[in-house]
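I opened this notebook to record a helix contact, a ligand shell and a domain arrangement. The entries follow in the order in which I looked things up.

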Amino acid sequence: MIKSDMSNEKTNPNVLSNLSQVENKRIQKYQPKLEGYGGRQVVFSFPDHPNIVGKVEMKPLLQAVEVAVTGGDEAELRAQFESDKRDREQQLAVLQNYFGSEHVLKQTFSVIKIPVNADILASVQKIIGDGSERVSQLQSFEGEYVWSSISFQEKADVVHNPSKITLTAGLAELRPVVTPMYQSAYDRVTRASLYNLNEQGTVQVADLEKIHPFLSKLLESIKNDEELRTVVAEFVTRAIKYTNETGTIVDIIGQDNVVFFRDESNAWDYKLIDALYDQPISAVSNSITRIAEQEQVTLSLAEDASLRNTLNSIRVINALANILNISARITALPTALSTIEPATLMTAIITSAY
Ligand SMILES: Nc1ncnc2c1ncn2[C@@H]1O[C@H](COP(=O)(O)OP(=O)(O)OP(=O)(O)O)[C@@H](O)[C@H]1O
Ligand SMILES: [Mg+2]
């Protein structure tokens with residue numbers, strides 16, 4: 001069993017100066033070691049800076065490679081990256097305001113040249129799949145440096161904490177086989193959590209677990225642990241307020257984006273590790289209107305990703321509110337949504353994704 005070193009979780013005055021040191025020198029010098037990856041970014045640790053990780057985002061890296069290959073405007077791309085960086089910084093500050101800075105990992109964002117090394121290549125291949133043109137473009141840059149966005153973040157030893165319980169929604173629509181039982185659980189939870197928001201206590205834990213199986217441990221644990229229930233309820237209440245007031249979801253789709261754990265005094269606590277989401281809820285309005293009005297709708301991959309992430313995040317937060325007897329709900333979705341049969345919604349998301 002991995003023993004967690006909780007001291008690293010505390011605010012460390014050296015963390016931010018370490019971050020800027022790394023930022024100012026060539027990243028290669030720090031011998032990045034692959035720590036993990038999610039759906040969007042590759043995460044590295046640095047042996048000489050044990051309290052931080054570096055996160056390289058796939059999308060800007062691939063964009064930069066494409067601009068280099070096609071002889072596009074590099075200055076324009078960098079200006080875009082800089083503007084995205086300022087947005088991120090601002091969004092992070094807002095997140096810290098709503099959840100408290102003690103619950104949000106410290107993070108800085110930079111636009112620098114990234115070495116395209118074997119770890120980056122292997123991770124990108126795993127994230128977006130072999131054989132894609134973008135992967136072969138990236139391969140041709142192996143050993144070279146490419147402009148991209150990177151962020152430095154406090155290392156979260158909580159990801160190895162044995163008490164850890166993650167709040168991971170996953171995607172209820174992306175099942176290989178949809179059985180009638182699955183479909184009816186999906187319909188009930190979707191109606192109670194996205195359509196009829198005032199029906200307190202109508203979400204069945206078993207239904208929620210069926211369509212969001214990554215929530216199992218959390219749902220089982222809150223049944224008997226009053227203290228954990230209180231901490232989860234606090235998080236859910238803040239998430240509802242944050243989403244309603246900012247029009248942005250908390251990204252609880254991926255593994256370990258939001259983590260509950262016992263601190264050194266054995267009390268439950270939580271951290272937002274990767275909870276920022278870059279698309280506003282308003283970005284799904286057009287998709288919802290089309291699904292409500294047209295017989296068959298094919299969304300673009302970006303529209304589909306935005307819609308399914310938004311719906312899954314809100315469905316899970318509202319379902320947890322329902323189960324935890326919290327009266328507030330995320331109400332920021334377009335009203336046309338509740339005119340769509342849940343099965344139609346599911347079909348539109350699945351067929352657009354494949
Ligand atoms: N600060 C950190 N300290 C230690 N490990 C981390 C840290 N941040 C992320 N990780 C590890 O790396 C993985 C991916 O990180 P992260 O969630 O930030 O990437 P992502 O690509 O944005 O994920 P997704 O889009 O799937 O949510 C996490 O699941 C976690 O295991
Ligand atoms: Mg993540």
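**Helix pair.** I worked throughout with a predicted model. I looked up helix H6 (residues 180-195) and helix H11 (residues 301-323), whose axes come within 8 Å and cross at roughly 85 degrees. Angles of 65 to 115 degrees count as roughly perpendicular, and I therefore recorded H6 and H11 as roughly perpendicular to each other. On the H6 side, I listed Val-189, Thr-190, Ala-192, Ser-193 and Leu-194 as making the contact. On the H11 side, I noted Leu-311, Ile-314, Arg-315, Asn-318, Ala-319 and Asn-322. Sorted by class, this contact of H6 with H11 holds six nonpolar, four polar and one charged residues.

**Domains.** I found the protein chain divided into domain 1 (6-158) and domain 2 (163-353). Their centres, taken over C-alpha atoms, are separated by 27 Å. I recorded 15 residues of domain 1 in contact with 18 residues of domain 2. The side of domain 1 that touches domain 2 has 10 nonpolar, four polar and one charged residues.

**Ligand shell.** I then asked which residues are the closest to ligand 1. They are Gly-36, Gly-38, Gly-39, Gly-254 and Asp-274, within a surrounding set of 24 residues. Strand E1 (33-37), strand E2 (41-46), strand E3 (49-57) and strand E5 (145-154) are the elements that give two or more residues to this shell. E1 gives the most, with three residues.

Terms used. Residues numbered from 1 in each chain as written. Chains lettered and ligands numbered in written order. Predicted model: local features only at pLDDT ≥ 70, side-chain atom pairs only at ≥ 80, totals over all residues. Axes fitted to C-alpha atoms, helices over the stretch in contact; angles between N-to-C directions. Helix = DSSP H or I, 4+ residues; strand = E, 2+ residues; numbered from the N terminus. Parallel < 35°, antiparallel > 145°, perpendicular 65-115°, else oblique. Contact = placed C-beta atoms within 7 Å. Nonpolar A, V, L, I, M, F, W, Y, C, P; charged D, E, K, R; others polar. Near = placed C-beta within 6 Å. Domains from an automatic or database assignment.
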